[in-house]
Amino acid sequence: MHRRQFINRTLLGITGMGVLSGLYAWQIEPFRLEFVQMPMPIKNLPKALVGKTLMQISDIHVGNRFNHQYIIDSFTKAKAYQPDFVVYTGDYISLHQDEVQWDKLSAVLNNAVTGKIATIGILGNHDYGKNWAQPEIAGTIANMLAEKNIQVLRNNNTEAAGLHFIGFDDYWGMNFQPEKAMSSFDPAKATIVLCHNPDVCDLPVWGAYNSWILSGHTHGGQVKPPFLPPLILPVKNKQYAAGKYALSNHRTLYINRALGHLWQVRFNVRPEITIFTLQQA
């Protein structure tokens, strides 16, 4: 083979690989949902809850950037696990674009996964509309969730079967009051905090809290070259990408990679629904 032929064939092969990789990142991986399962040891967990499951769904991002039927189909798959608790950790829409978006969100929520014991949600930054500064949109979404029996926590708490949940409103939104939310924490009770943006974990608001924090927001970066960190992470602390983190004071952070997408592209960061099995710490 002559040198010119070798170069031409090599370039053709590289181009072909690039095209195939692009098609995979656009048409395949964004819909390769992974159900991640792991134990969740919790201090003071009632014996009756040992072995129960808690499902985390985050960042569904209903809008005009991908077909919302994918979310509905994912919910159908998730229901087969029959979770005892379900938590939604924010970003139900991608900004606010038009009235059609509300119809899509309503169709998705009509198929929402609910827990046998409790279903709880918090809001994310996109739920506050343009520049995260439209509280009326956040209110509309909160009402839509409540109509589907999803209890929305906005700097407050709730209890279900002896498991306590504290929910922060979004860090970038207009109603972020973490001190108010944490004022209800009782170290003698089994507790989980729901907090959309993991950067909040680095703020001086936690006091003696020493349990789990469930977040989303990052999408794991959506694109992660092999052996390299994600190209883009919308957080100050770039260590917060995806998965489980051990934090100070025996706190445990889990960042869900998101079910939906800001844009229909993923590479090496599959969409995720997380299923935790509750254990006594």
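Reply: Start with aromatic pairs. Rings of Phe, Tyr and Trp (its six-membered ring) pair if their centres lie within 6.5 Å; planes under 30 degrees apart count as stacked, over 60 as edge-to-face and the rest as tilted. F168, Y171, F176, F185, W206 and Y209 form one aromatic cluster. This is a predicted model: local features need pLDDT of at least 70, side-chain atom pairs count only at pLDDT 80 or more, and totals for chains, interfaces and linings use all residues. Residues are numbered from 1 along each chain as its sequence is written, and side-chain values use heavy atoms, with hydrogens and water left out.

Me: How many aromatic pairs does the structure hold?

Reply: There are 16.

Me: Why is the pair of Y88 and Y92 called tilted?

Reply: Their planes stand at 45° and their centres are 6.5 Å apart, so the pair is tilted.

Me: What makes W212 and F276 edge-to-face?

Reply: Their planes meet at 65°, with the ring centres 5.7 Å apart, so the pair counts as edge-to-face. The pair links distant parts of the chain, 64 residues apart.

Me: Why is W212 called buried?

Reply: Buried means under 20% relative accessible area, exposed over 50%, partly exposed in between (1.4 Å probe, protein chains only). W212 has 3%, so W212 is buried. F276 has 0%, so F276 is buried too.

Me: How do you know that R65 lies over the face of W263?

Reply: A charge sits over a ring if NZ of Lys or CZ of Arg is within 6 Å of the ring centre and within 35 degrees of the ring normal. R65 lies over the face of W263, at 3.9 Å from the ring centre.

Terms used: Helices (H or I, at least four residues) and strands (E, at least two) are DSSP runs, numbered from the N terminus.
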